[in-house]
Amino acid sequence: HGRSELLCWCVFVCGGLQYQYANYSANYLHGGKGAIRFQLINQRSDFSFALLAGGLENPTLVAVSKQVAFKNPKAPVFPRLAQGKTHDEMTVTWTSGYDIGEAYPFVEWGVVASGGNPTRTPAGTLTFSRGSMCGTSYSYTERRLTG
């Protein structure tokens, strides 16, 4: 049981590391089973969890989970609202994994609580590539070495 304090479950999330020690779950120390929760954000990629021994100072990989996938990884996420160009206008933006030919983007709005029918407004689409944001020769390694 002394070694159980050094076991931790880890998940790498968007370049960062989330972890919890296995003994965070009270049942783990008594029966070797427990439950740990991580908040995962849809990064449009599968996740795996790793069990490490030796703590974070001297980690040794013990096991890796099967990949965990979101049900609909392309679903629109991260909605943002902003004041429009005039006082009676609002801008709605979101991030989606759909290609332009895969989905019809729209915003549905209106008072629906009182039985009204919402209005559906077509949305414009902008697509950004790595080249349009960082230049065509950008890579993480180059940026890290020169920046």
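In this predicted model, Ile36 is partly exposed, because its relative accessible area is 25%, a value that falls between the 20% below which a residue is called buried and the 50% above which a residue is called exposed. Ile36 is found in the loop that runs between helix 1 and strand 3. Although Ile36 and Tyr24 are 12 residues apart along the chain, their C-alpha atoms are separated by 7.4 Å.

Asn42 has its place in the loop between helix 1 (26-31) and strand 3 (49-53). Asn42 is buried, since its relative accessible area is 11%, and buried means under 20%. When the neighbours within four places in sequence are left aside, Asn42 is in contact with Phe70, Asn72, Pro73, Val77 and Phe78.

The report turns next to a pair of strands. Strand 5 (residues 77-83) and strand 6 (residues 90-95) run antiparallel and are joined by five bridges, and they form a hairpin with six residues between them. Within this pairing, Gln83 has Met90 of strand 6 as its bridge partner.

Strand 6 also takes part in the largest pocket, where six residues of the lining, the largest share, come from this strand. The space in the largest pocket is about 1,100 Å³. Of the 29 residues that line the largest pocket, Trp94, Pro105, Ala123, Gly124 and Thr125 are the closest to its centre. Strand 6, strand 7 (106-109) and strand 8 each supply at least two residues of the lining.

The chain averages a pLDDT of 75, and 76% of the residues score at least 70. Confidence is highest in strand 8 (residues 119-122), at a mean of 90, and lowest in helix 3 (residues 140-146), at a mean of 40. Over residues 140-147 the pLDDT is below 50, and this stretch has two contacts in the model beyond near neighbours in sequence. Residues 1-5 likewise stay under 50, and for them the model has eight contacts beyond four places in sequence. Where pLDDT is low, the predicted coordinates should not be read in detail.

Methods. Residues are numbered from 1 along each chain as its sequence is written. This is a predicted model: local features need pLDDT of at least 70, side-chain atom pairs count only at pLDDT 80 or more; totals for chains, interfaces and linings use all residues. Side-chain values use heavy atoms; hydrogens and water are left out. pLDDT is the predictor's confidence in each residue, from 0 to 100. Helices (H or I, at least four residues) and strands (E, at least two) are DSSP runs, numbered from the N terminus. Contact means heavy atoms within 4.5 Å. Buried means under 20% relative accessible area, exposed over 50%, partly exposed in between (1.4 Å probe, protein chains only). Two strands pair if DSSP finds at least two bridges between them. On a 1 Å grid over the protein atoms alone, a cavity is a set of points where a 1.4 Å probe fits but cannot get out, and a pocket is an open set with protein on both sides within 12 Å along at least five of seven lines; lining residues have an atom within 4 Å of a point. Grid points are joined across faces, edges and corners, and a volume is the space filled by probe spheres set on the points.
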